[in-house]
Amino acid sequence: MNNYFIIPGLGNSGANHWQTYFENSGENFQRINQQEWNAPNCEEWMKNIDDTISKYDLSTVILIGHSLGCVTIANWAKQYGRKIKGALLVAPSDIESPLYTFTSSGFTPIPLDRINFETIIVASSNDPWVSNERVKLFADSWGSKLINIGAAGHINAESGYGEWQEGLDILKELD
């Protein structure tokens, strides 16, 4: 059985977010909570991921990131080099963009190294936090399969992505 670990982005994912829907979809889904959601530190977030998943058989671990959570996963993959089953990376934020003015530390530069496990990026054609060109660069650099689901905003609760069955179907590609 796979073990799914949800990695939210800045501010966490609320009750109506698809990540919460995923979390509640099975006993083998759990959220990795961070101490600081609003002024995140990459080193702390990566260590928390590594400490949590190290208690599991890594061949069963699938990470599910959203927004800054995707960038955290890319940084974790580069720094820790662990081989897990895979990761679903939904709407990765381009925190190097001048539009990204939130308080965070240690997430840049965004790693452009190939990730040593299977990854799927799900992107939107009108995401305000990442351009189509940058998400393609991330996919090409990380070795990710790229799925663009059209005009879906930041693929979050505000964009209408709460109970997101299509996302769970995409996640099954990593099984």
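**Exercise 1.** How are α2 and α3 oriented to each other: roughly parallel or roughly perpendicular?

*Before you start.* We're working on a predicted model, where local features need pLDDT of at least 70, side-chain atom pairs count only at pLDDT 80 or more, and totals for chains, interfaces and linings use all residues. Residues are numbered from 1 along each chain as its sequence is written, and side-chain values use heavy atoms, with hydrogens and water left out.

*Solution.*
- Step 1: the axes of α2 (residues 42–53) and α3 (residues 68–80) come within 9 Å and cross at roughly 70°.
- Step 2: angles from 65 to 115 degrees count as roughly perpendicular, so α2 and α3 are roughly perpendicular to each other.
- Step 3: the contact (heavy atoms within 4.5 Å) includes Trp45 and Met46 of α2 and Trp76 and Tyr80 of α3.

**Exercise 2.** Find where Glu96 and Arg134 sit, and how they pair up.

*Solution.*
- Step 1: their side chains meet in a salt bridge at 2.6 Å, N to O; the rule is a Lys or Arg side-chain nitrogen within 4 Å of an Asp or Glu carboxyl oxygen.
- Step 2: Glu96 lies in the loop between β4 (86–90) and β5 (118–123), and Arg134 in helix α4 (residues 132–142), 38 residues apart.
- Step 3: Glu96, at 37% relative accessibility, is partly exposed, and so is Arg134 at 21% (buried is under 20%, exposed over 50%, partly exposed in between, with a 1.4 Å probe and protein chains only).

**Exercise 3.** Work out the spacing of Asp140 and Lys136 along helix α4.

*Solution.*
- Step 1: Asp140 and Lys136 form a salt bridge, with the closest N and O atoms 2.9 Å apart.
- Step 2: they are 4 residues apart in α4, so about one helical turn separates them.

Conventions. Axes are lines fitted to C-alpha atoms, for helices over the stretch in contact, and angles run from 0 to 180 degrees between N-to-C directions. Helices (H or I, at least four residues) and strands (E, at least two) are DSSP runs, numbered from the N terminus. Angles under 35 degrees count as roughly parallel, over 145 as roughly antiparallel, 65 to 115 as roughly perpendicular and the rest as oblique.
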